[in-house]
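My notes follow, in the order I looked things up.

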Amino acid sequence: MKQKAPYVPLGKFPTPIEKLRRLAKKIGTDHLYVKQDGLSGTLYGGNKIRSLEFLLGDALRQKAGEVITVGFAGSNHALATAVYARKLGLKCTSMLMPQPNAQYVRQNLLLSYVCGAEIHQYRHLTALYLQTFLQILQRRLKYGKVPYMIPSGGSSPLGTVGYVNAGFELREQVEEGLIVEPGQVFIPLGTMGTAVGLTLGLKAAGLKTRVISVRVVDAKLGNKKKFIKLFYETRELIHSLDPSFPKVDLSESSIDIRHEFYGQQHARFTKEGMAAVNLVEKSDGIRLDGTYTGKTMAALIDHLKKQDSKDMVTLFWNTYNARDFSDTVKGVDYHHLPRCFHRYFEEDVQPLDNHHSD
Ligand SMILES: *Cc1c(COP(=O)(O)O)cnc(C)c1O
């Protein structure tokens with residue numbers, strides 16, 4: 001019997017492709033495009049919707065009433081999980097770790113609260129794991145069933161399938177003539193499901209587009225070894241569901257990871273990153289962030305300025321949510337959040353976060 005992957009539709013696909021006309025002119029190329037995954041959801045967009053369609057689909061299939069996920073305090077993934085779990089009537093618990101303060105951390109925490117998510121914060125990873133285990137045990141004793149566990153960033157092989165589809169989506173848009181087959185695509189590298197899934201999807205779809213992944217997490221989390229492991233685990237998962245899925249390979253030398261734009265720490269903004277955020281907002285009216293997409297855009301600009309690839313079609317894959325939810329959280333009092341989160345509202349944001357006050 002052929003098994004189908006668990007799936008629940010949450011997003012709006014395909015996401016649009018647009019030309020970045022003014023930015024292109026500034027860096028002296030003609031062929032710069034953006035894939036607007038920020039518009040992937042009507043409530044909350046960004047890259048995490050694609051993986052959640054499979055992960056929350058799996059939670060529903062397993063008849064879980066609750067999901068638990070992990071991340072940093074301002075995690076877009078934890079927020080996306082809270083938003084879409086609620087939409088499906090699932091309870092969401094997020095186990096979080098401290099991170100550098102920023103406006104978006106406040107916004108994300110407030111929206112998680114509005115969505116009814118239960119949020120906790122632990123200083124150390126071991127405490128977080130232990131507490132997660134205890135939460136699961138407690139649910140087991142109380143309700144006789146365990147919550148569905150979603151790994152950080154949703155980057156399990158099943159979650160990664162969402163971005164394999166994104167590769168096929170891009171091929172369709174190439175076939176429709178919305179863009180010429182890109183020579184290169186720039187994408188952030190965090191927990192890696194996004195970049196790995198896209199790499200696998202593009203290869204399986206027969207595109208030759210080179211994926212350039214810009215690392216925005218510690219090298220212990222984002223590296224070639226783990227990239228390869230997730231690639232093959234995802235390929236095997238899909239192949240087991242659909243034997244016609246091609247067994248494409250990934251050589252280590254074809255993985256292109258840029259390390260120089262990371263800065264000092266995850267979610268610690270960089271000068272180059274924020275310069276890119278401001279530039280793109282001014283030139284083409286697109287809002288990027290300091291943790292992921294700003295650093296990635298900085299890498300793209302640097303690459304196009306230095307390398308002679310100005311005639312190559314370059315695609316910037318925008319993974320950052322583009323939906324404005326400031327009205328929803330306006331007037332929400334942060335004192336409703338657990339005490340350990342108050343400091344994000346009482347202490348200053350990091351110095352380079354001069355960008356928005358929404
Ligand atoms: C999570 C996230 C990423 C990184 O995706 P991974 O699959 O974790 O590598 C990139 N951009 C944004 C805006 C994100 O929230």
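Entry 1: Pockets and cavities come from a 1 Å grid over the protein atoms alone: a cavity is a set of points where a 1.4 Å probe fits but cannot get out, a pocket is an open set with protein on both sides within 12 Å along at least five of seven lines, and lining residues have an atom within 4 Å of a point.

**Entry 2: ground rules.** I am working with a predicted model, where local features need pLDDT of at least 70 and side-chain atom pairs count only at pLDDT 80 or more, while totals for chains, interfaces and linings use all residues. Residues are numbered from 1 along each chain as its sequence is written, and side-chain values use heavy atoms, with hydrogens and water left out.

**Entry 3: the shell.** Which residues come nearest to the ligand? Out of 14 residues around the ligand, I noted Lys48, Gly190, Thr191, Thr194 and Thr319 as the nearest; a residue counts as near if one of its heavy atoms lies within 4 Å. By class I found 5 nonpolar, 8 polar and 1 charged residues in this shell. Here Ala, Val, Leu, Ile, Met, Phe, Trp, Tyr, Cys and Pro are nonpolar, Asp, Glu, Lys and Arg are charged, and the others, Gly among them, are polar. Both β7 (184-189) and α7 (193-204) supply at least two shell residues each. These elements are DSSP runs numbered from the N terminus, helices being H or I of at least four residues and strands E of at least two.

**Entry 4: polar contacts.** I checked pairs of N or O atoms within 3.5 Å. For the side chain of Asn76, the distance from a ligand oxygen to an N or O atom is 2.8 Å. Gly193 takes part through a polar backbone atom, 3.3 Å from an oxygen of the ligand. The ligand taken alone exposes 380 Å², and the protein buries 97% of that, by the Shrake-Rupley method with a 1.4 Å probe.

Entry 5: The largest pocket holds about 1,100 Å³ of space; a volume is the space filled by probe spheres set on grid points, which are joined across faces, edges and corners. Its lining has 48 residues, with Ser152, Gly153, Gly190, Thr191 and Leu221 closest to the centre. I sorted that lining into 20 nonpolar, 23 polar and 5 charged. The second largest pocket has about 540 Å³, and Ala5, Phe54, Val161, Asn165 and Ile238 lie nearest its centre among 21 lining residues. Its largest share, 7 residues, comes from α6.

**Entry 6: a cavity.** I found 3 cavities of 30 Å³ or more in the whole structure. The second largest cavity holds about 50 Å³, and its lining includes Lys48, Asn76 and Thr319.

Entry 7: Most residues other than glycine have a negative phi, and most peptide bonds are trans. I noted a cis bond from Phe13 to Pro14, with omega near 0°; Pro14 lies in the segment before β1 (17-19). Lys63 has a positive phi, near 55°, and its place is the loop between α2 and β3.

Terms used:
A polar contact is a pair of N or O atoms within 3.5 Å; within protein, one must be able to donate a hydrogen and the other to accept it, and residues adjacent in sequence count only if both atoms are side-chain atoms.
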